[in-house]
Amino acid sequence: MITLYHCTDARSFRPLWALEEIGLPYRLEMLPFPPRFLKREYLAINPLGTIPLLIDGETRMTESAAICQYLGDRYSAPPLTVGRDEPAYGAYLNALHFGEATLTFPQTIVLRYGSLEPPEKRLPQAASDYKRWALARMRAFETLMAGAEYACARRFTLADISIGYALMLASVIGFGDEVPESLRRYWDRLAARPAFLRAKQAQAEQSPAVDTGRSA
Ligand SMILES: N[C@@H](CCC(=O)N[C@@H](CS)C(=O)NCC(=O)O)C(=O)O
């Protein structure tokens, strides 16, 4: 049974959503945020202190986009993934990693220096510069999508989870209404997916850990 360590709406939401899209059984371990401070025993399981942590037998992974790729390659297939022999294979991998490395990273600066730090340690200039940077990157992605319904391959894939989470984070942080309009419509399509709604429900219900008992 796969175990996923998760905090509500954190990047571990990507693998949670992927597990639901694929239909794999999993055990969800909900943690308070940030676990590094609020659940110190977690450091014994994951010395980084970050979430996600996915454990699948001998496999332990802590990168949300890489976990989606792993789950897709090991437990799923096209159409949820893009096969190596498909023309969109490169675009798929690019979007999968772009969602974390390019779209999410600047938002974490906004979150940290705009609200998570105690008031005396906040850096409003950094928060506003990185918000502008994140929005500029979203506009660039909007141009790359060129009105397509999904990030690549003309269908929903796990890459949409990676990009979609970055759009969700913008709303969580409080600038969702500044996200480019076509990406907001794209986000609305993603957020209406039954697997997305199940992932939201699982994190709301499964505290502490409960086995979903679902099978593929
Ligand atoms: N690049 C990693 C980042 C993981 C990460 O930094 N997660 C954040 C939550 S979204 C975290 O655990 N922060 C708490 C901390 O650093 O103590 C990923 O995509 O999973």
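Q: Is Cys68 buried or exposed?
A: The model is predicted, with local features requiring pLDDT of at least 70 and side-chain atom pairs pLDDT 80 or more, while totals for chains, interfaces and linings use all residues. Residues are numbered from 1 along each chain as its sequence is written, and side-chain values use heavy atoms, without hydrogens and water. Buried means under 20% relative accessible area, exposed over 50% and partly exposed in between (1.4 Å probe, protein chains only). Cys68 has 0% relative accessibility, so Cys68 counts as buried.

Q: How many disulfides does the count come to?
A: A disulfide is a pair of cysteine sulfur atoms within 2.5 Å. By this rule the count is 0 disulfides.

Q: Which cysteine sulfur is nearest to that of Cys68?
A: Cys68 takes part in no disulfide. At 13 Å, the nearest cysteine sulfur is that of Cys152.

Q: Which residue has a side-chain N or O atom 2.7 Å from a nitrogen atom of the ligand?
A: A polar contact is a pair of N or O atoms within 3.5 Å; within protein, one must be able to donate a hydrogen and the other to accept it, and residues adjacent in sequence count only if both atoms are side-chain atoms. A ligand nitrogen lies 2.9 Å from a polar backbone atom of Ile51, and a ligand oxygen is 3.4 Å from a side-chain N or O atom of Arg11. The residue at 2.7 Å is Glu63.
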